[in-house]
Amino acid sequence: MAQMDGRAVPVAMVGMGVVTPGANSPEELWQLLNGDRHVFGEPARFDMSSFYSADPADEDRSYAPRAGFVRDFVPHPALRAELEDRAVTATEPTALWLRHCLYSALDGVRRTPGDRWFAAFGYTADGSAELEGRMVADGYSERLAAAGGATGPYTAGQWRERLAVRYPDPGGSAEDSLPHRVGRTAVNGLLPCDTELLMVDAACSSSLYALDLTVKALREGSCSVAVCGGSFALVPRLHVLFSKINGLSRSGSVRSFDRRADGVLFTDGAGAVVLKMLERAERDGDKVLGIVEGIGLSCDGKGKAIYAPNPRGQQAAIRRAHKQAGGRPSGVDWIIAHATGTPAGDSIEAQALADASPDPEGTLLTSNKSLLGHTGWSAGVVSLVQALLGFKHGGVPAQRYFDEAITAIAEGPFLVPTLPHRGPGPQRVAISAFGFGGTNAHLLVRAPDGRQSERSSPAAGTAAAPACEGAAEPLVLVGWATDLPGIPDGTKAVAAWLRGEAAPPTHSWGDAYPAPSFRVAPLSPPARRSTDRTQLMLLSAASRLPTGVLELCALLRERTGVVAAHTGPTRHSVHYALRSHSENVRAALGADLKALEAWEAVQQEVQGLVPAGDDMTMPGIMPNVIPARLAAVADYRGLNLAVDSGPDSGLDALRTAERFLRHDTLDVVLVAGVNGNSTPEYRRLLTSAGDRALAEGAFVLALCRADTAREAGLEQLAVLRTETGPGLKAGHRAHTGADSPPLSGGRITYPGSDPLIGVLSAALSGSGRTCILPTLPGGTSVLVSVPPTVPDPSNGMSDNRQGL
């Protein structure tokens, strides 16, 4: 990875695309946001009656009958031609929406054959309608067949055909619905095959996290052109489980900043922007839509609950964005808030903005969720497109469904416009996106024409990169730990297996994970039952890190982050999908008495897999909460996110960690690889795993810059460096993570974590240099260099679990 030199390096946005209910282009979105009607209605892709009950206490039901759904998608002409010619055969809506956005954003942008490309998208396995449908239909088909035994009425294939009335078979590879394949479908043939692709999961702030990593890639010189964005489809499971937090609107409207607000409604959506260095964009003659001034990321650390907004974390992101923009510039004309229409959440956000924004008096404050709803993992980029449209049209849309201000607005410094704001257009806009699990992002952008607002200070005219004093320092591994079934805590057996000298651990914990002590995982018994084992596994593994590493993380908690490699849905996510869809499956079976008898037996089985959903279930299933849970328990406040690049997730997690360290965003990063899902539903999705068994386990690598390690007196177990493309250096042993000594027998795989196992194996196997290769072309490689003398390998992991 290239080093930073700290120069002022403005980054420009030169293209944009968007899809939401009622909008297939940025201009249609602008018309929608300047109207007075929201987009909420009933879905077309599933029958809401199977998931709705007016009684909020009813299990496996949502009390909200409406949400936002894309019903009138009109593909970009180039995408339409691909679909008609079957050049693109994917049917996953989120992939097609994102590809459409990329086509729109790239229209008119100058490209050259020598360009190097980077792409980062906010996405979650929990936001794919096709993935959920596949898991449910295949899972029920197999379970119904098993319930009937050899004399049952139908085979699994015949059950699948009967379910097709509500779960049509999308065809293609089942793996195409997983996040890394969605991203690849979006860019294949549209961007070069060696494009560095990253799928980011930070919940509602995902697409702004993706933007931050995109800006870093441009500034460091890893790419010359970049795209970023996000895509999300509302699925029944999320709609049901979010209602158990009582976070959905009962009235059917979203009233941001209003006293009568009663919750949010989620909405399908996708968006993308194209970025270049400003100098390059001007040289290419591209139309500059806006310029990035600063991005601030943070995580909440400890708080009231994993899903409760924390003003401290939000303020940290806001202040970090302004610091990156050049000190304490004033003059933000317009803030597009996260503001989801919950009175408590909107009040906390408004107060955080007032406390942390320089000179907020008179700043316009709006939220697009009143008309558009919450577009989930694409929310940040949709708000960014709105900001760029504000620059273009010279105005700010009115805040609809706003009649009586909450106290934080009525007594605060902001102006919420009830009529469209015309006249001199906004010159500087701030955008907030605050994610479930305490992941926060705040973005500052300015208009492209270079004029400064009357409220602006001279410092606002440049976008300086972070100082990056430590960019020249190598990235070092200073500790590691694991949580594996069948291996005693803190013994040398783990190190022996990692060196390829011992048998592998047991593949799975089975149906019941042995939860850690309350000191390690301070969760109530109901919360533990609702929490996926991956979150508990990571807490257990992190508690075994060397004492010196834990002390350093606590000392530098404001600049300690967690990056988790995780692939696909969690175990709880699969089981809650089955549970949420039970009545819909029953409806698909019609009046067939034998079929309904089998369904009743399977329904009891499914209800026994997980308890009925409650207020802890939604955060309990989400992949991004795996790192967020560790940050919350340990009170780490740097940032946290999950990376899902399929089998190469561990490699991309290491590269992401290196970026945060090289750019001086963080001082310590805990990189984790976690898999707790060995369900048959997930196994059928992972066709690329071949005959290998899915293994469960958690691996944590503690990384920092060498100077940080020296100052803390920590041993440096290995030096790591990431590269993309054909960058293999002579003298390196080279293999994929799956071919490393502990996994070379080909019998097991830890989805997403195999590369981290390869790194640990190389670090513990003595001196030398090893290159861990990607499984996909153009992916990330990690170069591992071990000094001639290393300490006892087992010293990387503590012998005793301790509180974080």
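## Packing of α20 with its neighbours

Helices α20 and α21 lie roughly antiparallel to each other, a term used for angles over 145 degrees, whereas angles under 35 degrees count as roughly parallel, 65 to 115 as roughly perpendicular and the rest as oblique. In this predicted model, local features need pLDDT of at least 70 and side-chain atom pairs count only at pLDDT 80 or more, while totals for chains, interfaces and linings use all residues. Residues are numbered from 1 along each chain as its sequence is written, and side-chain values use heavy atoms, with hydrogens and water left out.

Helix α20 spans residues 582-589 and helix α21 residues 593-607, and the two pack at an angle of about 170 degrees with their axes 10 Å apart. Ser582, Glu583, Val585, Arg586 and Leu589 of α20 are in contact with Ala595, Leu596, Trp599 and Gln603 of α21, contact being heavy atoms within 4.5 Å. By class, five nonpolar, two polar and two charged residues make up the contact of α20 with α21.

Helix α5 (residues 156-163) also packs against α20, here at an angle of about 90 degrees and with the axes 8 Å apart, which makes α5 roughly perpendicular to α20. Trp159, Arg162 and Leu163 of α5 meet Val585, Ala588 and Leu589 of α20, and the residues of this contact comprise five nonpolar, no polar and one charged.

Strand β4 (residues 225-232) has eight of its eight residues buried, so β4 is largely enclosed by the rest of the structure; buried means under 20% relative accessible area with a 1.4 Å probe, protein chains only. Val225, Val227, Gly229 and Ser231 are buried on one side of β4, and Ala226, Cys228, Gly230 and Phe232 are buried on the other.

Strand β2 (residues 117-122) pairs with β4 in the parallel sense over six bridges, where pairing requires at least two bridges found by DSSP, and Gly122 stands opposite Gly230 in β4. Strand β5 (residues 269-277) pairs with β4 in the antiparallel sense over seven bridges, with Cys228 standing opposite Val273 in β5.

Key
Axes fitted to C-alpha atoms, helices over the stretch in contact; angles between N-to-C directions. Helix = DSSP H or I, 4+ residues; strand = E, 2+ residues; numbered from the N terminus. Nonpolar A, V, L, I, M, F, W, Y, C, P; charged D, E, K, R; others polar. Buried < 20%, exposed > 50% of the residue type's maximum accessible area, 1.4 Å probe, protein only.
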